[in-house]
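Work through the exercises below with the sequence and the model open. Each task is followed by a solution in steps.

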Amino acid sequence: MLPKKNVMLGLVFAVVPLFQASSTVIAADAPAPAATPAAVVAPAAPPAPAPITDPVKLRERGQILALSCSGCHGTDGKSASIIPSIYGKTTGYIESALRDFKSGARMSTVMSRHAKGYTDDEIHLIAEYFGNLSKKKN
Ligand code: HEC
């Protein structure tokens, strides 16, 4: 009886790794499993953050948003390239330019796409940041 049992055990040990290996391959080839119901039913959205009203925080937000412009328009909007400078332009000019880019009233492949990423409030903050920057003497 003993030898037979050993053979059986040997078979089990030989088959288990095979099974594991093949199941791994199948898993790798298989399409991504369908989203589980838990993933489909999104958890309740977190409460919307309270709107920022503190003027200092709003200016900071404008400054942070304006950072994305410097890659093309230069630090502080002072461009060293063919791209127009924003520095020196008024809040009103920048705001209406961005709104026009966003709405399509003014065409620009680059700026139209870029401006569409901002809400009107964000556009206002960005314009205000550059407008105020230009008023400072430096
Ligand atoms: C990927 C590069 C790029 C980025 C990023 C970018 N711009 Fe521009 N921007 C341009 C180019 C190019 C033009 C000129 C477009 C034209 O007139 O067709 C332009 C034009 C403008 C103009 C019009 C200037 C004028 O003289 O009338 C304003 C205002 C402006 N951008 C503001 C911004 C602001 C604010 C940001 C950041 C939120 C920004 N841009 C980000 C490339 C960029």
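**Exercise 1.** Which residues in α4 meet which residues in α6?

Solution. The model is predicted.
Step 1: locate the two helices, α4 at residues 91-103 and α6 at residues 120-135.
Step 2: list the α4 side, which consists of Thr91, Ile94, Glu95, Leu98 and Arg99.
Step 3: list the α6 side, which consists of Ile123, His124, Ile126, Ala127, Glu128, Phe130 and Gly131.
Step 4: sort the contact of α4 with α6 by class, giving six nonpolar, three polar and three charged residues.

**Exercise 2.** Describe how the axes of α4 and α6 are placed relative to each other.

Solution.
Step 1: the two axes come within 8 Å.
Step 2: they cross at roughly 145 degrees.
Step 3: the handedness of this crossing of α4 and α6 is right-handed.

**Exercise 3.** What surrounds the ligand, and which helices supply the shell?

Solution.
Step 1: the ligand is surrounded by 16 residues, and the closest are Cys69, Cys72, Pro84, Ala97 and Ser108.
Step 2: at least two shell residues come from each of α3 (55-73), α4 and α5 (109-115).
Step 3: α3 gives the largest share, five residues.
Step 4: by class, the shell holds 11 nonpolar and five polar residues, and no charged ones.

**Exercise 4.** Summarise the protein chain as a whole.

Solution.
Step 1: count the elements, which are six helices and zero strands, in the order α-α-α-α-α-α.
Step 2: of the 138 residues, 15% are buried.
Step 3: take the contacts between residues at least 6 apart in sequence; 55% of these join residues at least 24 apart.

Technical notes:
Residues are numbered from 1 along each chain as its sequence is written. This is a predicted model: local features need pLDDT of at least 70, side-chain atom pairs count only at pLDDT 80 or more; totals for chains, interfaces and linings use all residues. Axes are lines fitted to C-alpha atoms, for helices over the stretch in contact, and angles run from 0 to 180 degrees between N-to-C directions. Helices (H or I, at least four residues) and strands (E, at least two) are DSSP runs, numbered from the N terminus. A crossing is left-handed if the near helix is turned anticlockwise from the far one by less than a right angle, and right-handed if clockwise. Two residues are in contact if their C-beta atoms, placed from the backbone, lie within 7 Å. Ala, Val, Leu, Ile, Met, Phe, Trp, Tyr, Cys and Pro count as nonpolar, Asp, Glu, Lys and Arg as charged, and the others, Gly among them, as polar. A residue is buried if 20 or more other C-beta atoms lie within 10 Å of its own, exposed if 12 or fewer, and partly exposed in between; C-beta atoms are placed from the backbone. A residue is near a molecule or strand if its C-beta atom, placed from the backbone, lies within 6 Å of it.
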